[in-house]
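Dear colleague,

Please find below the structure that I am handing over to you. My notes on it come after the model, and I would be grateful if you read them with the structure open.

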Amino acid sequence: MADDHSSFTKDVLLVKGLKNTTLVWRLVVLAFAMVCGVYICSICLKQISTGTKIGFLDINVIQKPCPEPNIEPWEIPYVHYPNPKTYSREECSCHPVRYFTILSMQRSGSGWFETFLNSHPNISSNGEIFSVKVRRSNMTTITETLDTIYNLDWFSSASKNECTTAVGLKWMLNQGLVQHHEQIAEYFRIHGVSVIFLFRRNLLRRMISVLANEYDKNAKILNGTHKSHVHSPKEAEILAKYKPTLNSTLLIGSLKQVNDTTTKALEYFKSTRHIMLYYEDVVKNRTKLMDVLEFLKVPQTNLKSRQVKIHKGSLSSQVENWDDVSKALTGTQYESFLHEDYRR
């Protein structure tokens with residue numbers, strides 16, 4: 001009888017153990033089902049939320065990249081797609097732009113030459129930007145100014161309504177260019193800037209023009225107004241009446257200094273992509289302008305200028321002390337300046 005009672009007790013305990021184990025497994029399965037349910041519900045809610053908000057989202061449209069320009073591989077560094085900060089180029093955004101700088105000296109025909117370029121509907125040459133001293137005070141201000149110009153954020157009368165194909169400026173050698181030539185040459189290299197050298201062969205003619213212009217800055221012959229360039233034959237005739245007196249003693253030294261400055265500039269920027277022009281050659285042969293358009297890779301078109309030449313004819317009629325000048329240069333390397341002439 002005792003054995004039966006013990007067996008009964010064991011059976012009861014076994015049954016209770018099985019019930020407890022089953023209960024635990026049921027709880028585990030229930031918890032797993034609850035976790036899965038919560039996860040599934042969260043996914044559904046996210047999808048519903050996305051579907052209700054999609055009408056209010058700012059969708060950034062990925063713009064189609066500009067087509068590759070049909071150019072030679074060596075041209076690639078000189079082709080740019082500026083993104084101005086001050087306006088949107090819109091339909092011109094895929095219109096490639098080339099950067100250039102006209103390197104010259106005062107009274108070398110650069111102003112006249114620039115008017116030809118700006119008569120082109122796709123070229124913007126922004127003038128003598130660095131004549132303002134603060135813009136060339138150091139390389140930081142120089143870089144900031146160049147960045148603004150080449151990013152098409154510089155507004156001037158040269159700005160065009162048509163898509164710009166070439167943008168640049170006029171830069172005189174004595175406006176920080178020689179002083180910071182290493183950094184500027186590096187800037188040109190990195191940013192793919194092409195250089196147009198424009199000088200005068202006859203440095204004596206340039207000197208006469210410089211002195212006459214300096215005189216008019218003070219005299220203001222044209223109704224109290226100084227004009228470096230004129231647009232009427234009458235104004236040119238009035239300005240040409242002044243005949244400067246040259247210092248014959250310092251003449252050779254002055255000509256040599258100008259020649260040396262030009263030679264140094266050519267050396268400093270010889271590794272930059274460039275074209276060499278002389279004022280006299282352009283005067284005699286306007287097809288030289290077509291060479292420039294080809295150099296800038298812009299459409300060929302007829303270029304015009306309204307400027308009128310001031311000093312014409314023989315040099316002997318433009319200098320007050322011509323005999324002294326002739327005597328000083330005769331027999332020197334600059335004697336040819338006395339005789340060289342050009343007329344169109």
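The notes below go from the chain as a whole to its disulfides, its helices, its aromatic residues and one lysine in a loop.

Please bear in mind throughout that this is a predicted model.

**The chain as a whole**

The chain has 344 residues, of which 38% count as buried. Its secondary structure comes to eleven helices and five strands. Among contacts with a separation of 6 or more, 75% are accounted for by residues 24 or more positions apart.

**Disulfides**

A search of the whole structure finds two disulfides. With bonded cysteines counted along the chain, they follow the pattern 1-3, 2-4.

The link of Cys66 and Cys94 is left-handed, with -80° about the S-S bond. Cys66 has a relative accessible area of 29% and is therefore partly exposed, its value falling between the limits of 20% for buried and 50% for exposed. Cys94, at 34%, is partly exposed.

The other disulfide is formed by Cys92 and Cys163, whose sulfur atoms are 1.9 Å apart. Here Cys92 lies in the loop between H1 and E1, whereas Cys163 lies in the loop between helix H3 (139–150) and strand E3 (166–172); the two are 71 residues apart and link distant parts of the chain. The disulfide of Cys92 and Cys163 is left-handed because the torsion about its S-S bond is about -80°. Cys92 counts as buried, at 8% relative accessibility, and Cys163 is buried as well, with a relative accessible area of 17%.

**Helix H2**

How many of the nine residues of helix H2 are buried? The count is seven, and the helix, which spans residues 110–118, is mostly covered. The buried residues are Ser110, Gly111, Trp112, Phe113, Glu114, Phe116 and Leu117. Trp112 has a relative accessibility of 12%, and this residue returns below as part of an aromatic pair.

**The contact of helices H8 and H11**

The axes of helix H8 (residues 251–268) and helix H11 (residues 322–329) come within 10 Å and cross at roughly 65°. H8 and H11 are therefore roughly perpendicular to each other, since angles of 65 to 115 degrees are assigned to that class. On the H8 side the contact is made by Leu251, Ile252 and Leu255, and on the H11 side by Val325, Ala328 and Leu329. By class, the contact of H8 with H11 has six nonpolar residues, with no polar and no charged ones.

**Aromatic residues**

A search of the whole structure finds eleven aromatic pairs. One of them consists of Trp112 and Tyr279: the ring centres are 5.4 Å apart and the planes stand at 80°, so the pair is edge-to-face. The pair links distant parts of the chain, with Trp112 in helix H2 and Tyr279 in helix H9 (residues 279–284), 167 residues apart. Tyr279 counts as buried, at 8% relative accessibility, and Trp112 counts as buried too.

Phe197 and Phe199 form a stacked pair, because their planes are at 25°, with the ring centres 6.1 Å apart. Both of these phenylalanines, Phe197 and Phe199, are buried.

**Lys85**

Is Lys85 buried or exposed? Lys85 has a relative accessibility of 77% and so counts as exposed, the limit for that class being over 50%. Lys85 lies in the loop between H1 and E1. Leaving aside its neighbours within four places in sequence, Lys85 is in contact with Asn151 and Asp153. The C-alpha atoms of Lys85 and Thr148 are separated by 9.2 Å, while the two residues are 63 residues apart along the chain.

With kind regards

Technical notes
Residues are numbered from 1 along each chain as its sequence is written. This is a predicted model: local features need pLDDT of at least 70, side-chain atom pairs count only at pLDDT 80 or more; totals for chains, interfaces and linings use all residues. Side-chain values use heavy atoms; hydrogens and water are left out. Buried means under 20% relative accessible area, exposed over 50%, partly exposed in between (1.4 Å probe, protein chains only). Helices (H or I, at least four residues) and strands (E, at least two) are DSSP runs, numbered from the N terminus. A disulfide is a pair of cysteine sulfur atoms within 2.5 Å. Axes are lines fitted to C-alpha atoms, for helices over the stretch in contact, and angles run from 0 to 180 degrees between N-to-C directions. Angles under 35 degrees count as roughly parallel, over 145 as roughly antiparallel, 65 to 115 as roughly perpendicular and the rest as oblique. Contact means heavy atoms within 4.5 Å. Ala, Val, Leu, Ile, Met, Phe, Trp, Tyr, Cys and Pro count as nonpolar, Asp, Glu, Lys and Arg as charged, and the others, Gly among them, as polar. Rings of Phe, Tyr and Trp (its six-membered ring) pair if their centres lie within 6.5 Å; planes under 30 degrees apart count as stacked, over 60 as edge-to-face and the rest as tilted.
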